[in-house]
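Subject: Model handover

Hi,

Here is the model we talked about. Please open it alongside this note; my findings follow below.

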Amino acid sequence: VKMKVCGVIFKENSKVYNFDPKDFPIEIGKYVIVITERGEQIGKITTIEDKDVKNTLKEVVRMATDKDYNQYLINLKDAQGALKDAKAEASRLDLKMQLVDSEFTFDRKQLYINFVSDERVDFRELVKFLAGKYKTRIELHQMGARDKAKKIGGIGICGRKLCCAKYLNKMDTISINMAKNQNIALTPSKINGCCGRLLCCLAYEDETYKENKEKLPKIGSKIKIDDKIGTVVSINVLSKKYKVTFENEVKEFTIDEQK
């Protein structure tokens, strides 16, 4: 079924969720109140388009008012206070965890806190303390190193703002083979980001590298060109070139010249 769909985000540079706007006068940049798995939330419209929808979408409850937006700002401020209290209590309880951020749902029925830890943490006493103080349901979520980097942000080895914090809405799977395909030195300082995991940007050109590499001969392989047999000594994947040595002579060829 083709219908009008509005894309909504709940945090800057976060995932876009699709909702049915019904007959509300929606505009990009406007705030709406929606129901999510976390309860009632306020979000900003970032896209409006006609889409083929297979499953039923959740509906926009209403357009956000100035009062709603002010409540949203109050929730943000109170969430920071809750995070400060949680850190102090976690320190008192000597819990081996690093609390990253916190968030109230718009209706304040739940308080979510993200943390990072290298081990399993028994945080029941911390939850009991927070529930008693804020009179709401508390949920602690253990996040990975990549998610932490996205939340906090920073500067990458390229000198630019971290891609994950700036614009990446989806975190792709990164493998060491991507670095190998690009002939990058497999040293942590070269292939790891601020989070300590493989650089997200290794995936950007991976398809191009793989496609070009399949057409290039392997280093050390024998190749016959103009009735001469030589050995491939180097390849340049991006420029689609390779060098071949014929006895004491070295020549460079492109993929198109292989014929």
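Five strands make an open sheet, ordered β2-β1-β4-β3-β5, with antiparallel pairing. Strands here are DSSP E runs of at least two residues, helices are H or I runs of at least four, and both are numbered from the N terminus. Two strands pair if DSSP finds at least two bridges between them. The edges are β2 (17-19) and β5 (60-63); each has a single partner strand, so one side of each lacks a neighbour in the sheet. On average, neighbouring strands of this sheet are turned by 45° against each other, direction ignored. Strand β1 (residues 2-9) runs antiparallel to β2, and three bridges join them. Valine 8 sits opposite tyrosine 17 in β2. Helix α1 (residues 66-92) packs on this sheet and touches β3 (31-36), β4 (39-52) and β5; its direction makes about 120° with that of β4. Contact means heavy atoms within 4.5 Å. Axes are lines fitted to C-alpha atoms, for helices over the stretch in contact, and angles run from 0 to 180 degrees between N-to-C directions.

This is a predicted model: local features need pLDDT of at least 70, side-chain atom pairs count only at pLDDT 80 or more, and totals for chains, interfaces and linings use all residues. Residues are numbered from 1 along each chain as its sequence is written, and side-chain values use heavy atoms, with hydrogens and water left out.

Next, the three-stranded sheet. Its order is β6-β7-β8, it is open, and the pairing is mixed. β6 and β8 (137-142) are the edge strands, each pairing on one side only. Neighbouring strands are turned by 20° against each other on average, direction ignored. α1 packs on this sheet too, touching β6 and β7, and its direction makes about 150° with that of β6. Helix α3 (residues 145-152) lies across β6 and β7, at about 60° to β6.

β6 and strand β7 (residues 110-116) run antiparallel, joined by six bridges. They form a hairpin with five residues between them, and arginine 108 in the turn has a positive phi of about 60°. Glutamate 103 has tyrosine 112 of β7 as its bridge partner. Glutamine 98 stands opposite valine 116 in β7.

Six of the seven residues of β6 are buried, so the strand is largely enclosed by the rest of the structure. Buried means under 20% relative accessible area, exposed over 50%, partly exposed in between (1.4 Å probe, protein chains only).

Look at aspartate 101 in β6 (residues 98-104). Aspartate 101 counts as buried because its relative accessibility is 14%. Its side chain makes polar contacts with the side chains of lysine 11, at 3.4 Å, and asparagine 114, at 2.8 Å. A polar contact is a pair of N or O atoms within 3.5 Å; within protein, one must be able to donate a hydrogen and the other to accept it, and residues adjacent in sequence count only if both atoms are side-chain atoms.

Last, the helix pair. α1 and helix α2 (residues 124-134) pack at about 140°, with axes 10 Å apart. The contact residues include Gly81, Ala82 and Asp85 of α1, and Leu126, Phe129 and Leu130 of α2.

Best wishes
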